[in-house]
2 protein chains.
Amino acid sequence: MPATIRDVARLAGVSPSTVSRALSMPSMVNSATRVRVAAAVEQLGYLPNRAARGLITGRTGNIGLVVPDLANPFFASVAKGVQARARRDDVAVFVADTDEDAAAEAGLVRALAKQVDGLILCSSRASDAELSAIAQETHVVLVNRREEGVAGVVYDNESGMRQAVAHLVALGHRTIAWVGGPDMSWSTRHRSLGLSDAVHAHGAELAEVGSFAPTYEGGMAAADQVVATGATAVITYNDLVAIGLLARLHARGISVPGELSVVGVDDIAMSRMARPALTTVRLPKQQAGRIAVELLLTVLRDPEPDNAIRAFATLHGELIVRESTGPAPPP
Amino acid sequence: MPATIRDVARLAGVSPSTVSRALSMPSMVNSATRVRVAAAVEQLGYLPNRAARGLITGRTGNIGLVVPDLANPFFASVAKGVQARARRDDVAVFVADTDEDAAAEAGLVRALAKQVDGLILCSSRASDAELSAIAQETHVVLVNRREEGVAGVVYDNESGMRQAVAHLVALGHRTIAWVGGPDMSWSTRHRSLGLSDAVHAHGAELAEVGSFAPTYEGGMAAADQVVATGATAVITYNDLVAIGLLARLHARGISVPGELSVVGVDDIAMSRMARPALTTVRLPKQQAGRIAVELLLTVLRDPEPDNAIRAFATLHGELIVRESTGPAPPP
DNA sequence: TTGAAAGCGCTAACAT
DNA sequence: ATGTTAGCGCTTTCAA
């Protein structure tokens, strides 16, 4: 049986309210009593029951993190960043994996919303309407998606795509293929847009091969269509897709980068380990998680609606050049 | 402002206790009132406050999952399995990442213990003493570790090692190196033991090169020592280590499997994607997570101490042969 | 500076 | 079958 505040109070010879104050507002209690309370707390190994506290303060000290797929290293990294930052403020984190299912996401969000002070929605596949409904119910921070009036952190996808295109064009590529991710993904739309702009700015050609699952399998599936476009270079929605694509190209005996250059996005650990090692746009993943928590805590501390709107962070990706592109020029 | 049980009661024209009963023990309430309550619940979008319920029932409907490193795909998969199974029973999951730090683990566990019905400790690095202390405070299910009197799920490491060794010996290897994982890891001890038995049973030689971090970097660090042993084959603590080792061997121009055969453990997605593709012992990861939840829910349902002791599941690994071993015989 | 009392949202006796 | 009462562990008025 864990000790309650009354046990502590009894042992310290004070009232429960004094114990409560000694813990949450130490300045309002006599230093002598404060010491006695501290001793009792120590001796009993007392830890306040957060649920009980939350019931009255309306604050649970918990936050929720919702991701499409924990097995995707990108999300695992974001989750790690969230964890790390949350722990610093003694905040516990509920994690929910939606399995890339928008319907499941809605359910999980509703279930979590009641037990947390706020929610971090990572790469949410929810519709705009659903999203604002959620934002009404609890504090929300978005990762990888920008929505008016909701706080969040996004990557500058346009800049990432510009870097990738500049690199490929410098290598002599004139036709670049693009393998898109989930249609509901904000990132895929913005990467596609940025890519289109960058390619045309360089007077090159863009060959879009459509939407694929953001997974290794998605990349395998996309490979043949990419080859069919006749492009000499391809940029994929993310690294997982690029690595799947690499595998299929290898199976078909198509040499990378000899016949086709490949660029991914994310720089997951796997990218470096791929053969050939994958050129990619490195996104600061843990940082996104940390900032998301930061934002959420800020919003919670000062819930003025004005702040929510401004609280949008933009992170920048960085092109990491590896063997999967050049120096061999395309055919 | 979310609706409370009193709002529902008022709208349905009944008392709060009736609403409570209609929701938790529907059979004890008149079907007519049950319908009225259901309607009110629906109309108000009422969702019981779990914290409040937990305060009185002593059950929160939450569980905690503690892992050493979410960025390790093995743990990400286990987490996914846990999530999936927990969701089926409408249980929410706190996830804590200890960053491979035993001290952090202790703190996180204590913090979580109060807000959950039970804890799943995955590859816990805690000492036996700490572990039993935790098991005293809350219900615990261990993954990847076997402890007397604590429920859990482990892999049959011995069998996995036997399969790997039989494979290597059949290929003609006579000296097999072993790269161990964290010293505090139950798995590393049992893999090492099983390996030793299997190797000697085949009349072969075992060359142990010590403990390394269970990461890509650990594998890089181990590679040169492995080579120095003169072994023609190496088995590593896990796939991440094997892949790091592969990278370092590649950098040194040592051919795999031509000069050295490599076998990992886990079969993370990355293993298939490695070049050469990694031979490994496939562990059912999500299944471990699912079973852990199952066990925990069972223990919670019927907290007789007798069950806890028996509730230990053993899962079996399966050797997956890929390019990193044979058919080329060792030198 | 401290204590007593009330109550957060809910469920579990105890009545009826 | 339903309502009333009490109280889970905590914080927060309000008095002293």
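In the predicted model, strand 10 of chain A is joined in the antiparallel sense to strand 12 of chain A, which spans residues 318-320, through three bridges. Within this pairing, A:Thr280 of chain A lies opposite A:Ile320, a residue of strand 12.

The division of chain A into domains assigns residues 5-57 to domain 1, the two segments 62-155 and 285-316 to domain 2, and residues 157-283 to domain 3. The centres of domain 1 and domain 2 of chain A, taken over C-alpha atoms, are separated by 33 Å.

Helix 6 of chain A, which comprises the twelve residues 102-113, extends 16 Å from its first C-alpha to its last, close to the 16 Å expected at 1.5 Å a residue. Its buried residues are A:Glu105, A:Leu108, A:Val109 and A:Leu112, and because these residues fall within an arc of 105° when the helix is seen down its axis, they line one face of helix 6. The cover over the buried residues of helix 6 includes, from chain A, strand 1 (62-67), strand 2 (92-97), strand 3 (118-122) and helix 7 (128-137), and it also includes strand 2 (92-97) of chain B.

Key. Residues are numbered from 1 along each chain as its sequence is written. Chains are lettered from A and ligands numbered from 1 in the order in which they are written. This is a predicted model: local features need pLDDT of at least 70, side-chain atom pairs count only at pLDDT 80 or more; totals for chains, interfaces and linings use all residues. Two strands pair if DSSP finds at least two bridges between them. Helices (H or I, at least four residues) and strands (E, at least two) are DSSP runs, numbered from the N terminus. Domain bounds come from an automatic or database domain assignment. The expected span of a helix is 1.5 Å times one less than its number of residues. A residue is buried if 20 or more other C-beta atoms lie within 10 Å of its own, exposed if 12 or fewer, and partly exposed in between; C-beta atoms are placed from the backbone. The arc is that of the directions from the helix axis to the C-beta atoms. Two residues are in contact if their C-beta atoms, placed from the backbone, lie within 7 Å.
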